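User: Please take a close look at one part of the structure shown here. I would like a single connected account that starts from one pairing and follows it to its surroundings.

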Amino acid sequence: MPADAVLDATGLNCPEPVMMLHNKVRALAGGELLKVIATDPSTQRDIPKFCVFLGHELVDQQADEGTYLYWIRKKVE
């Protein structure tokens with residue numbers, strides 16, 4: 001799935017991936033798609049909660065051998 005921006009949080013542990021995600025999403029325009037690459041299993045819980053709490057759309061998420069991928073569409077304000 002093509003993304004407008006990519007956040008590589010590989011090797012980072014909680015809470016760093018979500019903190020970086022917050023800053024990266026702020027820089028996007030409404031409706032843009034962000035791909036997040038992470039290795040911290042806690043992102044499986046934290047990123048969906050982040051999206052619900054802030055109103056962004058979690059378009060897709062995948063897990064493959066310790067790598068977690070997320071596609072997040074920034075809400076349009």
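Analyst: Glutamine 61 has tyrosine 70, in strand 4, as its bridge partner. The model is predicted, so local features require pLDDT of at least 70 and side-chain atom pairs count only at pLDDT 80 or more, while totals for chains, interfaces and linings use all residues. Residues are numbered from 1 along each chain as its sequence is written, and side-chain values rest on heavy atoms, with hydrogens and water left out.

Strand 3 (residues 57–64) pairs with strand 4 in the antiparallel sense over 7 bridges; two strands pair if DSSP finds at least two bridges between them. Helices (H or I, at least four residues) and strands (E, at least two) are DSSP runs, numbered from the N terminus. The two strands form a hairpin with 2 residues between them, and in the turn glutamate 65 has a positive phi of about 50°.

Tyrosine 70 is also among the residues touched by leucine 34, which include Leu7, Leu21, Val25, Trp71 and Ile72, residues up to four places away in sequence not being counted; contact means heavy atoms within 4.5 Å. Leu34 belongs to the largest nonpolar core, of 13 residues, in which Leu21, Leu34, Val36, Ile47 and Ile72 touch the most other members. Such a core is a set of buried Ala, Val, Leu, Ile, Met, Phe, Trp, Tyr and Cys residues joined through side-chain atoms within 4.5 Å. Two or more residues of this core come from each of strand 1 (5–9), helix 1 (16–27), strand 2 (33–38), helix 2 (43–54) and strand 4 (67–73).

In helix 2, Thr43, Asp46, Ile47, Phe50 and Cys51 are buried; buried means under 20% relative accessible area, exposed over 50% and partly exposed in between (1.4 Å probe, protein chains only). These buried residues fall within an arc of 130° seen down the helix axis, so they line one face; the arc is that of the directions from the axis to the C-beta atoms. They pack against helix 1, strand 2, strand 3 and strand 4. The face turned away from them carries the exposed residues Lys49, Val52 and Phe53. After helix 2 comes glycine 55, with a positive phi near 85°.

The structure holds 1 salt bridge, defined as a side-chain nitrogen of Lys or Arg within 4 Å of a carboxyl oxygen of Asp or Glu. It joins arginine 45 to aspartate 46, with the closest N and O atoms 2.8 Å apart. Arginine 45 is partly exposed at 45% relative accessible area, whereas aspartate 46, at 15%, counts as buried.
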